[in-house]
Amino acid sequence: MRTAPWTAADAVLADELAGLLERTSGYGHVVVDEAQDLSPMQCRAVARRLAAGSLTVLGDLAQATSPWSPSDWRETLTGLGRPDAVVRPLTRGYRVPGEVLDFANRLLPLIAPDLPAATALRAEPGSLRVRSVAALAGALVEVVDELSAVPGSIGIVCPDADVADLAAVLEAAGVPSAVLTDDGAEAARIAVVPAALAKGLEFDAVVVVDPAAIAAAEPRGLHRLYVVLTRAVSTLVVLHRGDLPAPLGAPPADHPPR
């Protein structure tokens, strides 16, 4: 359809066609980040630019959320034309507190069973809080008010379908915030973030709303949840109704449901 917008997948197909019609320029060294989400066609596009050059691939299989994401780096490296490249696991974390990282690592046996769990450089007692609540709205406002007493950015990460409702809750409570979109948002200390856009972001404090719904929203929902749980630099607060996703267990709540 002529009215259908172009997608990233269309761009890769156009690049393939261009590569068939004329020689693609090569580079001496190519660095690829977030490589766990490369499709086979995207790998071909990168490989055309390698020529005889070298390649650095960065990625995390636990954060692989695309339908075509591989379970082993050899698949991606083969698509890039470097099947024998050395794979070096990086298992030391510098950004996320140990308590938060250990909590997220509970998902690894299901989402990346062969991946060695990373350990954090620092521990921050109290950096992780998990709360079972009967209603999310009041608890969210309470938590955001509490976190706002400390300088720093706050990201409220929630199921994509709940973004508008949670933004309205904050507005009704007089809490200034901005909704993060594909095109970005005006700079705001408090951002409401759809789970699908959380990858690559970081905030001083993160509030994860309804993790079970995030996990259930897509085929690789547990991978998406791992991404969401690892966005906090200092503090992670998890607000959940009902049970947490099974791998996360049920740590004691800070407060009784209300």
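Which side chain meets that of Arg 95 in a salt bridge? I found that of Glu 202, at 3.6 Å from N to O, where a salt bridge is a side-chain nitrogen of Lys or Arg within 4 Å of a carboxyl oxygen of Asp or Glu.

I noted that this is a predicted model, in which local features need pLDDT of at least 70, side-chain atom pairs count only at pLDDT 80 or more, and totals for chains, interfaces and linings use all residues. Residues are numbered from 1 along each chain as its sequence is written, and side-chain values use heavy atoms, with hydrogens and water left out.

I then looked up Glu 142 and Arg 131, whose side chains meet in a salt bridge at 3.4 Å, N to O. Glu 142 lies in helix H6 (residues 136-147) and Arg 131 in strand E5 (residues 128-132), helices (H or I, at least four residues) and strands (E, at least two) being DSSP runs numbered from the N terminus. Arg 131 counts as buried at 3% relative accessibility, whereas Glu 142 is partly exposed at 31%; buried means under 20% relative accessible area, exposed over 50%, and partly exposed in between (1.4 Å probe, protein chains only).

Next I looked up Arg 48, whose side chain meets that of Asp 15 at 2.3 Å, N to O, in a salt bridge.
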